[in-house]
Amino acid sequence: KILSIAVPILSHAVCLWIYYVPLVKLHPHYEAVLDETHILNSSNKDVTGENSLWEMFVNDYWGRPMTNWDSHKSWRPISILSFRIFFHSTTTSSPILVARMVSVVLHAALAEIVSIVALLLFLPE
């Protein structure tokens, strides 16, 4: 019975630490990486809100229509929606750090939801 309580708490603590270290560790390569420079600038109309929500759901990660021949076919509308919300709500001087933190929190929340659903579906009664 103790293990059924201790294992989830310990696994959550380890995951939080794994997520936390890259966010706060300052290093020489702390600037935006490739995807972040393309997503968190004002040229992506899905992020800035110039495109409708419908267009955001039919475009790829970089704001190109999925039907275009040059589209990467990388479809991540929840990520783009979080970037859109972030783009309109932040006034911080370090937008990359805040965007990464929002992404980490969303990723952790979705991973937790998946684990709960998996337990409900596959745990014997």
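Colleague: Is Ser 74 buried or exposed?
Modeller: Keep in mind that this is a predicted model, where local features need pLDDT of at least 70, side-chain atom pairs count only at pLDDT 80 or more, and totals for chains, interfaces and linings use all residues. Residues are numbered from 1 along each chain as its sequence is written, and side-chain values use heavy atoms, with hydrogens and water left out. Buried means under 20% relative accessible area, exposed over 50%, and partly exposed in between (1.4 Å probe, protein chains only). Ser 74 has 18% relative accessibility, so Ser 74 is buried.

Colleague: Which residues does Ser 74 touch, not counting those up to four places away in sequence?
Modeller: Ser 74 sits in the loop between α4 (53-58) and α5 (77-89); helices are DSSP runs (H or I, at least four residues), numbered from the N terminus. Contact means heavy atoms within 4.5 Å. With that sequence limit, the residues touched are Asp 60, Tyr 61, Trp 62 and Met 66.

Colleague: What is the phi of Lys 73?
Modeller: Lys 73 belongs to the loop between α4 and α5 and is partly exposed, at 44% relative accessible area. Most residues other than glycine have a negative phi. Lys 73 instead has a positive phi, near 60 degrees.

Colleague: And Trp 75, what is its relative accessible area?
Modeller: Trp 75 is another residue in the loop between α4 and α5. Trp 75 counts as partly exposed because its relative accessible area is 46%.

Key: Helices (H or I, at least four residues) and strands (E, at least two) are DSSP runs, numbered from the N terminus.
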